[in-house]
Amino acid sequence: MAKEEKYLHICEVCGKEEYLTEKEAYEQGWDYPPYIGTYGVLSPRTCPGCTIDNTAWFDYMKHHSFAQLSEKHRETVRRILGEPDNLIFLKDKKGKKKNGT
Ligand SMILES: [Zn+2]
């Protein structure tokens, strides 16, 4: 992913979404790859206002089983496994300019 490219950051706890560069996200306190964690590898994906104890990662560390995760956490795991391609895809879909404005 290009250094200066803004891509979608989704807080898995509160659902907050922001388009940020890797550096902006890190400076604002997001727990997000590539500074915190690795794309495609399960770890917390949180905004600056949320803590990790409600993340899919934390839940998985407790149970060591995907079968015991809630549907919300399973959805997070699926999204993480699709990174970084799905983050770019979401941006392309949402970030299109409108004609005639
Ligand atoms: Zn949050």
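Guide: The chain averages a pLDDT of 88, and 85% of the residues score at least 70, where pLDDT is the predictor's confidence in each residue, from 0 to 100. This is a predicted model, in which local features need pLDDT of at least 70 and side-chain atom pairs count only at pLDDT 80 or more, while totals for chains, interfaces and linings use all residues. Residues are numbered from 1 along each chain as its sequence is written.

Visitor: Where does pLDDT stay under 50?

Guide: That stretch is residues 97-101, for which the model has zero contacts beyond four places in sequence, a contact being two residues whose C-beta atoms, placed from the backbone, lie within 7 Å.

Visitor: What makes β1 and β2 a pair of strands?

Guide: Strands pair if DSSP finds at least two bridges between them; four bridges join β1 (residues 7-10) to β2 (residues 17-20), so the two antiparallel strands qualify. Tyr-7 stands opposite Leu-20 in β2, and the hairpin has six residues between its strands, with Gly-15 in the turn at a positive phi of about 85 degrees.

Visitor: Which residues make up the largest nonpolar core?

Guide: Its seven residues are Ile-10, Cys-11, Val-13, Ala-25, Trp-30, Tyr-32 and Cys-47. The name requires buried Ala, Val, Leu, Ile, Met, Phe, Trp, Tyr or Cys residues joined through C-beta atoms within 7 Å, buried meaning that 20 or more other C-beta atoms lie within 10 Å of a residue's own (exposed is 12 or fewer, partly exposed in between). Cys-11 touches Cys-47, and also Lys-16, Arg-45, Thr-46 and Cys-50, not counting residues up to four places away in sequence.
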